[in-house]
Amino acid sequence: MTTSTTSEPPAVAPLIDLQGLVAAVRRRRRLWCSLALLGLLAGVAVAVLLPPAPAAVTKVLVAHKEDQPNDTGTLIRTDVELLGTSRIAGKALRALKSRENTEDFMKDYRGTGLTNNLLQIDVTADSEAEAVARAGALADAFIADHVRRMREAAKAEATSLVEQRDRMRDELARVNKEIGGRSPDSDPKASASTESLFARRAELNSRIADFDQRAAEARTGTPQVIAGTQIVDAPRVVRHSLPRAAATDGAIGLVLGLVLGLALAAVGAVVADRPVLRRDIAAHLGASVIAELPRRSGGRWQRRRTRTAHERLTTTLARTVRGSAGPVSLLELGCARSANALAADLTAALGAEGPAVGVGSVAPGTAWTDLPCLGTRTVLVVRAGHGSAAWLHTVARQLADQRIPVIGVVLIDPDPRDRTDGTLWDGAHTALRGHGEPMARQNGGGTSHTVEAVGEGRPRTERRPKHAARVPDNEQEVR
């Protein structure tokens with residue numbers, strides 16, 4: 001019987017781990033909170049130090065001859081654009097007897113169509129009195145220009161209608177001349193042509209009367225438009241509320257700062273590629289997370305919980321170290337102070353008869369060949385979000401090359417909302433790097449323990465041979 005096996009295609013990893021990205025952004029809350037606060041303060045400062053210029057407002061009711069109930073606002077938009085022309089601005093400046101440049105003056109006011117027939121004019125100036133005067137001059141100039149245009153349009157329409165009426169009268173005179181003194185029944189032979197002339201005369205009379213009426217309506221409509229266009233809200237000063245402006249500008253600055261901070265935090269998290277979740281740290285180091293310790297102490301309840309977790313971890317590590325055939329090292333990455341405190345508690349728990357415990361660092365610049373001198377097995381004390389994924393790979397590879405099995409990872413400053421699993425379930429050969437080195441249990445007795453402290457700055461170990469090699473920071477391959 002022949003059996004064939006087909007390998008399933010590997011799962012495609014997501015381009016961006018959203019869970020890790022959210023955790024990384026949340027850990028950088030100091031950045032985006034600081035930028036949000038800075039934006040808030042900047043907005044308030046702008047409102048206080050840069051108050052708006054004095055302003056005035058007026059409203060004008062604009063009547064149009066072509067007003068229709070279903071108008072979509074085309075006429076009032078035309079009025080707004082006309083208000084912003086140099087002709088209106090020039091008339092207003094002449095009324096104010098000002099020598100200001102027309103283009104500069106046009107930048108200090110704007111029109112807004114509130115409804116189909118209501119125009120609002122907003123003006124700024126150096127003083128409140130000047131702003132009110134400018135608003136009034138602009139309203140008067142606009143009304144005068146609007147009335148002039150309406151009169152000219154009505155006059156042109158009436159003139160056109162009168163000209164058409166006069167042409168009809170000339171034609172009517174020709175028809176009357178042809179008819180002469182005849183009547184429709186005077187000449188039976190010419191009754192058809194006579195009836196046609198009389199019909200044409202009746203039609204011309206009707207059209208002449210119609211043109212007379214339309215011309216009269218054109219002239220009558222202009223006074224209604226003129227009377228309907230007027231200032232309905234006299235120019236008045238726009239009062240400025242400093243608390244309201246400060247609140248508005250502060251809110252805008254807060255939102256902009258928060259958005260900018262979140263964007264910078266997200267971009268920085270993607271570019272830096274520093275794992276935060278226990279699942280990712282365990283996967284990159286090839287060892288399970290056996291304990292977590294917060295970096296900072298909070299309230300009384302938090303301090304008690306931290307102390308309990310620290311004691312439990314010390315007891316677990318002491319039990320593991322006592323069963324080790326050789327010295328065990330604590331190697332820190334980004335948390336030297338926490339590693340030193342853990343080593344001191346572990347030393348006190350082991351007593352004088354316990355095996356040796358060495359403290360070292362696996363930060364960039366580590367002399368990897370010195371690490372076996374600190375211990376044949378190690379516990380990695382890693383600060384979440386401190387090392388990049390490439391450097392975690394380098395640490396795992398170098399420890400494997402040095403045949404130093406990793407007992408586990410102690411995660412410092414974990415994400416409190418992290419719900420991922422930091423345990424590797426694919427066997428001890430993955431959790432303990434360098435598993436080929438035989439490990440025998442200690443039958444009895446032990447050597448005196450030694451603890452080496454490392455500062456927050458340059459890491460150091462007990463001995464550094466001259467031939468110790470440095471591993472570049474960009475090492476990424478894991479054997």
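1. Helix H6 has 52 residues and spans 76 Å from its first C-alpha to its last, which is close to the 76 Å expected at 1.5 Å a residue, where the expected span is 1.5 Å times one less than the number of residues. Helices (H or I, at least four residues) and strands (E, at least two) are DSSP runs, numbered from the N terminus. Gly180, whose phi is positive, near 65 degrees, follows H6.

2. This is a predicted model, in which local features need pLDDT of at least 70 and side-chain atom pairs count only at pLDDT 80 or more, while totals for chains, interfaces and linings use all residues. Residues are numbered from 1 along each chain as its sequence is written, and side-chain values use heavy atoms, with hydrogens and water left out.

3. Four strands form an open sheet in the order S2-S3-S1-S4, with antiparallel pairing; two strands pair if DSSP finds at least two bridges between them. Strand S2 (109–113) and strand S4 (230–237) stand at the edges with a single partner strand each, so one side of each is left without a neighbour in the sheet.

4. Within this sheet, strand S1 (residues 55–61) and strand S3 (residues 118–124) run antiparallel and are joined by seven bridges, and Ala56 stands opposite Val123 in S3.

5. The largest pocket is worth a look for its lining residues, which divide into 11 nonpolar, five polar and 16 charged. Here Ala, Val, Leu, Ile, Met, Phe, Trp, Tyr, Cys and Pro count as nonpolar, Asp, Glu, Lys and Arg as charged, and the others, Gly among them, as polar. A pocket is, on a 1 Å grid over the protein atoms alone, an open set of points where a 1.4 Å probe fits, with protein on both sides within 12 Å along at least five of seven lines, and lining residues have an atom within 4 Å of a point.
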